Amino acid sequence: MPDKPLDHQIHLSDPRALRAYAHPTRMALVGLLRMEGPFTATRAAELTGESVASCSYHLRILAKYGLVEEAEPGAAGREKPWRATASYTDWPTYSTDPAVADAAEALSVAVAESQFNRLMRARELRHRLPPEWQQAETYSDAILYLTPEELSALGERINEVIAEYAERGQDPAHRPEAARRVAYLHTGYVAPEQPNPPAGPAPAPAPAPARGEEP
């Protein structure tokens, strides 16, 4: 299959595209194509547990909105291979258009649910990992006081570090022998205020969890 490099990012702003992508099977297919593709609907069914017909349908919907494309144009039937069109998907975090805002929020919620389910599945299976991987995993959080500009700058700095490893996703030749697929999640959001602050003196803060431990 052709080894065509992926575009860096695809931006979704059409409410129809946003809602189409906010489907767990479609998000899974795009993610798999980025890491394992190109592949056919038959292979997609093997990877997702869905039927071939279901995967073929979802791949056509994704192609309609530019998230995937035929890897070998002109191939026919369910055995034609598909590829992702970009390494990352981006969508608005704010819009004055209610239709865009609602669809973008629905997608963000769907992505958060998918990430939570993946995290919980990883927690269930982590006891099977070698000790060095269990020790390397990290689960931590922090409460910071930032301006909007500082929060944006912090995200950009983290993205720059992550980008140093991006080429390993597309080209296995760049992966060290001991490398494994790692899901790295970082998010920054305005923490809601406590609805009912405790009366009286504030309690002493609990010790911060050690790096790698559950908070």
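Is phenylalanine 116 buried, partly exposed or exposed? In this predicted model, phenylalanine 116 has a relative accessible area of 48%, so it counts as partly exposed. You will find this residue in helix 5, which covers residues 98-125. Together with Leu119 and Met120, Phe116 makes up a nonpolar patch on the surface, and the three share about 260 Å² of accessible area.

Now to the charged side chains. Side chains of opposite charge can pair when their charged atoms come close. The structure contains seven salt bridges, and the table shows some of them, including the pair of aspartate 14 and arginine 16.

| aspartate 14 | arginine 16 | 2.8 Å |

Let us take them one by one. Aspartate 14 is partly exposed at 26% relative accessible area, while arginine 16 is exposed at 57%.

Arginine 43 and glutamate 46 both sit in helix 3 (residues 41-48); they are three residues apart, so about one helical turn separates them. Arginine 43 is partly exposed, with 39% relative accessibility, and glutamate 46 is exposed, with a relative accessible area of 55%.

Glutamate 69 is partly exposed at 25% relative accessibility, whereas arginine 83, at 7%, counts as buried.

Methods: Residues numbered from 1 in each chain as written. Predicted model: local features only at pLDDT ≥ 70, side-chain atom pairs only at ≥ 80, totals over all residues. Heavy atoms only, no water. Patch = residues over 30% accessible without salt bridge, like charges linked within 9 Å, V, L, I, M, F, W, Y side chains within 5 Å. Areas by Shrake-Rupley, 256 points an atom, 1.4 Å probe, with all protein chains shown as cover. Salt bridge = Lys/Arg side-chain N within 4 Å of Asp/Glu carboxyl O. Helix = DSSP H or I, 4+ residues; strand = E, 2+ residues; numbered from the N terminus. Buried < 20%, exposed > 50% of the residue type's maximum accessible area, 1.4 Å probe, protein only.
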